[in-house]
Amino acid sequence: MFDYPWGDFALNLLVTAGAVVVFFAIVMAIAQLVNDHSIIDITWGPSFVVIAAVSWLMSAGSDGDDTRRLIVFALTAIWGLRLGLYIGKRNIGKGEDPRYTALLRSRKGRPLIPFLVKKIYGMQAVLAWVVSIPVQFAVYVSRGVDALVIVAIAIWTIGFLFEAVGDWQLSRFKADPANAGRIMDRGLWAWTRHPNYFGDACVWVGLFLLTLGSPWGVLTVFSPILMTWLLTTFSGGKLTEKGMRRKRGPEFEAYVARTSFFFPRPPRKVASEPKA
């Protein structure tokens, strides 16, 4: 029960680390050619697909259960490719994101490539590799499909739907000129201010659960915790809301008062301001 092919897993970690370095080096080279470093946002999801594909190939012929291996690869690939396509459709043709333009201006004569690696591409590569460790671990789990795998798929599905539907609702809202300057507070966005981030977190909880066919899988629990922290605090919800408060002021504060930050729940009923 406690047997696990640690040697195969360690080799997998080394090979995927190399694959991630090559992948982001190619992305950086392309970004330099097109003079748009914000394309890295598009490649975040696909970078996990690369890791999952390499892990699936590396684990072929191992003691890892073939059905579990396929499930791990498929769920990761579906999530990563959808995310990449969505961000690509949203961003391509709109020029470089001002965040990256401002970051490059802060270089102040420092060598370009080391600066890009340190500030953009290296950090993304390390995060993708670390967060993906449950995916790399699960393909070597020998236990077949059981009830926990079904639970994992169910949680992944809930998360994927929250993320995909939330993104679709937001894109439709923004596409309507009548909504210019308004806050999206409909559909899933009435139940949580970040349905896409909540969905993303659920996806990674589901992928983590696929590791628990081995008792050692619990050691990878840091991955969904790290991803949730990134989504809610480091570069996700709180950072987004800082800008929203600056742009929308009282309207956004009213939205905050009635809508959950992260976990979905019915909107609160907020007492209206007394009339003068």
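## Salt bridges, helices and nonpolar cores in a predicted model

In this predicted model, the side chains of aspartate 66 and arginine 69 meet in a salt bridge at 3.0 Å, N to O, where a salt bridge is a side-chain nitrogen of Lys or Arg within 4 Å of a carboxyl oxygen of Asp or Glu. Local features need pLDDT of at least 70 and side-chain atom pairs count only at pLDDT 80 or more, whereas totals for chains, interfaces and linings use all residues. Residues are numbered from 1 along each chain as its sequence is written, and side-chain values use heavy atoms, with hydrogens and water left out.

A search of the whole structure finds ten salt bridges. Another of them joins the side chains of arginine 82 and glutamate 163, at 3.7 Å, N to O. Arginine 82 lies in H3 and glutamate 163 in helix H7 (residues 147-175), so this pair ties together parts that are 81 residues apart in sequence. Arginine 82 is buried, with a relative accessible area of 16%, and glutamate 163 is buried at 2%.

Arginine 82 is also in contact with aspartate 167, as are Tyr86 and Asn196, leaving aside neighbours of aspartate 167 within four places in sequence; contact here means heavy atoms within 4.5 Å. Aspartate 167 is found in helix H7 and counts as buried at 3% relative accessibility. As for H7 itself, its 29 residues should span 42 Å at 1.5 Å a residue, and its end C-alpha atoms are 42 Å apart, which agrees; the expected span is 1.5 Å times one less than the number of residues.

The side chains of glutamate 241 and arginine 193 meet in a further salt bridge, at 2.7 Å, N to O. This pair links distant parts of the chain, with glutamate 241 in helix H10 (residues 237-248) and arginine 193 in the loop between H7 and helix H8 (195-209), 48 residues apart. Glutamate 241 and arginine 193 are both buried, and salt bridges that share partners join Arg193, Glu241, Arg245 and Glu253 into one network.

Turning to the nonpolar side chains, the largest nonpolar core has 59 residues, and those with the most contacts inside it are Tyr121, Trp204 and Leu210. Such a core is a set of buried Ala, Val, Leu, Ile, Met, Phe, Trp, Tyr and Cys residues joined through side-chain atoms within 4.5 Å. The helices that each supply at least two residues of this core include H1 (6-34), H2 (40-58), H3 and H7, and H8 gives the most, with nine residues. Apart from this core lies another, of eight residues, among them Leu170, Phe173, Phe252 and Tyr255.

Finally, the UniProt annotation "transmembrane region", from an unreviewed entry, covers several spans, including residues 70-88 and 120-141. Residues 70-88 are 100% helix and 0% strand, with end C-alpha atoms 26 Å apart.

How values were computed:
Helix = DSSP H or I, 4+ residues; strand = E, 2+ residues; numbered from the N terminus. Buried < 20%, exposed > 50% of the residue type's maximum accessible area, 1.4 Å probe, protein only. UniProt positions renumbered as here; feature names shortened; annotations may be inferred.
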